[in-house]
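This briefing is an introduction for a reader who is meeting the structure for the first time. It goes from the overall fold to the sheet and then to one residue.

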Amino acid sequence: MRRSGAGHIAGAGTAVAILTPEPTKNSKRCSTAGQAAAYMQLAAWEVGVGSCPASIYEAEKAREILGFPSELHLRITLSFGYPANEEKINSVPKKGGRRALEEVAHWEKW
């Protein structure tokens with residue numbers, strides 16, 4: 001089966017749909033949804049799980065499939081799963097494997 005766009009979601013180990021109420025003119029709901037997605041991806045990667053974000057362009061079809069209420073809107077979806085490539089699995093940082101801040105940050109000058 002050929003997949004396009006967000007087709008990777010169908011074969012994912014887990015998928016998450018992030019829903020928000022209708023944004024108002026000065027609302028930050030979309031950016032909050034994006035932050036939530038980013039934190040989920042970082043947490044997953046910490047334990048060796050890969051992820052991929054996807055925008056859903058057929059919102060009403062998604063609503064029909066997932067059955068969420070009309071007052072909520074699908075902002076972003078994430079697929080999660082273990083990378084198929086062994087090299088990617090082995091490249092996941094291990095706890096304590098990060099370089100010290102002093103090695104990567106420069107203060108006031110290089």
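Predicted model: local features only at pLDDT ≥ 70, side-chain atom pairs only at ≥ 80, totals over all residues.

A residue is called buried when its relative accessible area is under 20%, and exposed when that value is over 50%. With that cut-off in mind, strand S3 is mostly covered, since 7 of its 10 residues are buried.

**Overall fold**
- The protein contains 4 helices and 3 strands, and these elements follow one another along the sequence in the pattern β-α-β-α-β-α-α.
- Of the 110 residues of the protein, 22% count as buried, while the accessible surface comes to about 8,600 Å², with 56% of that area belonging to carbon and sulfur atoms.

- The 3 strands make up an open sheet in the order S1-S3-S2, with antiparallel pairing.
- Strand S1 (14–21) and strand S2 (50–54) are the edge strands, each of them pairing on one side only, and the twist from one strand to the next averages 25°.
- In general, the strands of a sheet pair through backbone hydrogen bonds, and they can do so in a parallel or an antiparallel way.

**Pairing along S3**
- S1 and S3 pair in the antiparallel sense over 8 bridges, and within this pairing Pro21 stands opposite Leu72 in S3.
- S2 pairs with strand S3 (residues 72–81), again in the antiparallel sense, over 5 bridges.
- Across from S3, Cys52 stands opposite Ser79, whereas Pro53 stands opposite Leu78.

**Arg63 in helix H2**
- Arg63 is found in helix H2, which spans residues 59–66.
- Is Arg63 buried or exposed? Its relative accessible area is 14%, and because this value is under the 20% cut-off, Arg63 counts as buried.
- Leaving aside residues up to four places away in sequence, Arg63 touches Phe68, Pro69, Ser70, Leu72 and His73.

Methods: Residues numbered from 1 in each chain as written. Heavy atoms only, no water. Helix = DSSP H or I, 4+ residues; strand = E, 2+ residues; numbered from the N terminus. Buried < 20%, exposed > 50% of the residue type's maximum accessible area, 1.4 Å probe, protein only. Areas by Shrake-Rupley, 256 points an atom, 1.4 Å probe, with all protein chains shown as cover. Pairing = 2+ DSSP bridges. Axes fitted to C-alpha atoms, helices over the stretch in contact; angles between N-to-C directions. Contact = heavy atoms within 4.5 Å.
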